[in-house]
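Hello,

Here is the structure I promised to pass on to you. Have a look through it first, and my notes on what turned up follow just below.

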Amino acid sequence: MKEILGKILNHEELTREETKNVLIGITQSQYPTEQITALITGLQMRGITVDELLGFRDGILETGVPVPLKCDRYIDVVGTGGDRKNTFNISTTSCFVIAGAGYKVAKHGNYAATSTSGASNVIANHGVKFTDNIDQLNRCLDEVGIVYLHAQLFARAMKFVGPIRKALPFPTFFNLLGPIVNPSQPQCQLLGVANLDQMRLYSNVYQKIGIDYGIVNTIDGYDEISLTGDFKVTTNNYEKIFSPDDLGFSKAKPEELVAGATEQEAKEIFDSVLENRCLPAQKNIVLANAAFGIQVLERGQKSIEECIDIARTSIDSGAALRTFKKFVELNS
């Protein structure tokens with residue numbers, strides 16, 4: 001570790017193998033807290049590289065619980081978090097809309113860190129019990145079309161750095177790892193990022209991993225398609241800036257996206273979207289995010305307009321709600 005820290009102080013880049021071995025060493029309690037803190041701080045000040053991030057990812061997946069799902073193609077929709085916007089559970093709602101449209105989804109998530117309600121909060125508040133039972137997870141994916149992977153059951157390495165991360169007054173590269181350590185390693189992902197620097201970083205990461213991806217960022221700082229202004233989308237096939245009007249949607253107001261002050265309020269918004277009784281802006285935002293996820297699943301072969309229609313039918317027909325109810329029934 002002293003050699004690694006010396007390289008960071010000299011502004012040298014670490015290899016993918018080096019950061020993987022460091023992560024594994026952390027899980028084996030090989031290093032004192034002070035050295036791990038110095039590592040995290042040094043990389044945060046210098047900025048992490050693609051290979052360094054991939055190495056830490058390799059280490060987390062290797063020391064964690066793998067989830068072999070019996071499905072050839074499925075998607076995860078997730079945001080990096082940390083945009084401080086406290087939006088309702090847009091990614092999670094979009095996942096059930098995508099599943100309601102007949103696609104397969106493996107949603108990876110956790111409890112909220114900076115917002116009112118994370119994916120695990122809203123799902124647990126419906127009485128769902130999280131599991132790492134592979135047979136149960138595969139049954140859920142097969143029968144319902146969607147499975148939920150609660151991060152704390154799978155990424156064992158994170159508990160070793162949890163106290164250090166809490167003690168530090170700044171976000172660290174571990175925040176960047178969350179979206180790319182889904183233990184089922186999906187072939188498709190729609191990722192929301194809070195800024196364009198992150199978009200470039202993850203674009204390079206996904207190209208090296210070799211999956212179909214879409215990365216979205218709303219220019220005013222949302223880590224999802226918020227429809228509050230123009231937003232950028234980068235995929236395997238194109239890079240483009242859209243306006244809400246391009247999709248046939250009205251511009252949303254920031255207050256229409258807020259999760260509320262309590263988990264119960266966030267749960268009510270989540271339910272209202274799936275039950276098709278929410279604010280028009282809330283529905284449109286979910287439709288937009290679900291549609292770009294569907295386009296990734298379709299390898300870019302469907303236009304975004306077609307994908308919006310598919311997502312809209314999922315909500316309007318009640319398919320998204322039925323999917324969620326079946327999911328809760330199977331996992332409670």
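Let me start with the second largest pocket, where helix 3 provides the largest share of the lining, four residues. Before going further, please note that this is a predicted model, in which local features need pLDDT of at least 70, side-chain atom pairs count only at pLDDT 80 or more, and totals for chains, interfaces and linings use all residues. Residues are numbered from 1 along each chain as its sequence is written, and side-chain values use heavy atoms, with hydrogens and water left out.

**The second largest pocket**

The volume of this pocket is about 150 Å³. On a 1 Å grid over the protein atoms alone, a pocket is an open set of points with protein on both sides within 12 Å along at least five of seven lines, a cavity is a set where a 1.4 Å probe fits but cannot get out, and lining residues have an atom within 4 Å of a point. Points are joined across faces, edges and corners, and a volume is the space filled by probe spheres set on them. Helix 1 (2-9) and helix 3 (33-46) each supply at least two lining residues; helices (H or I, at least four residues) and strands (E, at least two) are DSSP runs, numbered from the N terminus. Among the lining residues are Leu5, Ile8, Met45 and Arg46. By class, the lining has five nonpolar, two polar and one charged residues, where Ala, Val, Leu, Ile, Met, Phe, Trp, Tyr, Cys and Pro count as nonpolar, Asp, Glu, Lys and Arg as charged, and the others, Gly among them, as polar.

**Cavities**

There are three cavities of 30 Å³ or more. The largest holds about 60 Å³ of space, and its lining includes Phe130, Tyr148, Phe327 and Asn331. Strand 3 (146-150) and helix 14 are the elements that give two or more residues to that lining.

The second largest cavity has a volume of about 40 Å³. Strand 4 gives the most to its lining, with three residues, and Val77 and Leu190 are among the residues found there.

**Strands 1 and 4**

Val77 also stands opposite Leu190 of strand 4. Strand 1 (residues 75-79) and strand 4 (residues 188-192) pair in the parallel sense over five bridges; two strands pair if DSSP finds at least two bridges between them. Four of the five residues of strand 1 are buried, where buried means under 20% relative accessible area, exposed over 50% and partly exposed in between (1.4 Å probe, protein chains only).

**Aromatic rings**

The count comes to 16 aromatic pairs. Why is the pair of Tyr206 and Tyr213 stacked? The ring centres are 5.2 Å apart and the planes lie at 20°, so the pair is stacked; rings of Phe, Tyr and Trp (its six-membered ring) pair if their centres lie within 6.5 Å, with planes under 30 degrees apart counted as stacked, over 60 as edge-to-face and the rest as tilted. Tyr206 is buried at 0% relative accessible area, and Tyr213 is buried at 3%.

Phe324 and Phe327 are stacked too, with 6.3 Å from centre to centre and 25° between the planes. Both lie in helix 14 (residues 319-331), three residues apart, about one turn of the helix. Phe324 is buried at 5% and Phe327 at 1%. Together with Phe96 and Phe270, they form one aromatic cluster.

Best wishes
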